[in-house]
Amino acid sequence: MLNPLRVRGFLMYLPQFVRLFYRLMKDQRVSIIAKAVPFVALILLLSPPALELDLIPILGELDWILVGFIALKVFIWLCPPEVVREHVTRIAQGA
């Protein structure tokens with residue numbers, strides 16, 4: 001079951017996560033392979049079999065959330081840790 005506090009925490013940090021994603025996509029130190037992961041996930045979600053799942057209530061939304069979540073986790077995992085830390089620190093400082 002969804003914990004309201006976890007959902008609230010996720011929503012509070014969503015803008016910072018979007019900023020981190022944007023900064024990492026622009027950073028030259030992040031490999032092209034890592035930057036390709038979100039685009040490959042988007043292509044996967046727009047493929048005909050995935051679009052057919054969208055017609056099934058709840059399951060159609062879950063595949064978007066799951067593939068998106070996994071793709072973004074893999075993207076950050078493939079980024080150099082020191083680059084991720086640098087951007088997280090700058091975002092936390094308000095820069």
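**Entry 1: the model and its numbering**

I am working with a predicted model, in which local features need pLDDT of at least 70 and side-chain atom pairs count only at pLDDT 80 or more, while totals for chains, interfaces and linings use all residues. I number residues from 1 along each chain as its sequence is written, and the side-chain values use heavy atoms, with hydrogens and water left out.

**Entry 2: overall make-up**

I started with the secondary structure, and it comes to 5 helices and 0 strands, where helices (H or I, at least four residues) and strands (E, at least two) are DSSP runs numbered from the N terminus. Read from the N terminus on, the elements run α-α-α-α-α. I then looked up the extent of the C-alpha trace, which spans about 40 × 35 × 15 Å along its principal axes. Of the 95 residues of the protein, 23% count as buried, a term that means under 20% relative accessible area, with exposed being over 50% and partly exposed in between (1.4 Å probe, protein chains only).

**Entry 3: how the helices pack**

Two packed helices are described by the angle between their axes and the distance between the axes. The axes here are lines fitted to C-alpha atoms, for helices over the stretch in contact, and the angles run from 0 to 180 degrees between N-to-C directions. For the wording, I note that angles under 35 degrees count as roughly parallel, over 145 as roughly antiparallel, 65 to 115 as roughly perpendicular and the rest as oblique. A crossing is left-handed if the near helix is turned anticlockwise from the far one by less than a right angle, and right-handed if clockwise.

I took H1 and H2 to begin with: their axes come within 9 Å and cross at roughly 125 degrees, and the two helices are therefore oblique to each other. The crossing of H1 and H2 is left-handed.

Next I looked at helix H1 (residues 4-26) against helix H5 (residues 81-92), which pack at an angle of about 135 degrees with their axes 10 Å apart. That angle makes H1 oblique to H5, and their crossing is right-handed.

For H2 and H4, the axes come within 8 Å and cross at roughly 170 degrees, which makes H2 roughly antiparallel to H4. The crossing of H2 and H4 is right-handed.

**Entry 4: the salt bridges**

How many salt bridges does the rule give? I find that the count comes to 3, a salt bridge being a side-chain nitrogen of Lys or Arg within 4 Å of a carboxyl oxygen of Asp or Glu.

The side chains of Arg29 and Asp27 meet in one of these, at 2.8 Å from N to O. Asp27 is buried, with a relative accessible area of 9%, whereas Arg29, at 45% relative accessibility, counts as partly exposed.

Arg29 also forms a salt bridge with Glu86, the closest N and O atoms being 2.9 Å apart. This pair links distant parts of the chain, since Glu86 is in helix H5 and Arg29 is in the loop between H1 and H2, 57 residues apart. I checked the cover on Glu86 as well, and at 24% relative accessibility it counts as partly exposed.

Glu86 forms a further salt bridge with Arg90, where the closest N and O atoms are 3.3 Å apart. Both residues lie in helix H5, 4 residues apart, about one turn of the helix. Arg90 is partly exposed, with a relative accessible area of 39%. Taken together, Asp27, Arg29, Glu86 and Arg90 are linked in a network of salt bridges.

**Entry 5: the nonpolar patch**

Which helix supplies the largest share of the nonpolar patch? It is H4, with 6 residues. Trp77 has its place in helix H4 and is exposed, with a relative accessible area of 69%.

**Entry 6: a loop residue**

Last, I looked up Leu46, which sits in the loop between H2 and helix H3 (48-53). At 47% relative accessibility, Leu46 counts as partly exposed. The C-alpha atoms of Leu46 and Val83 are separated by 30 Å, with the two residues 37 apart along the chain.
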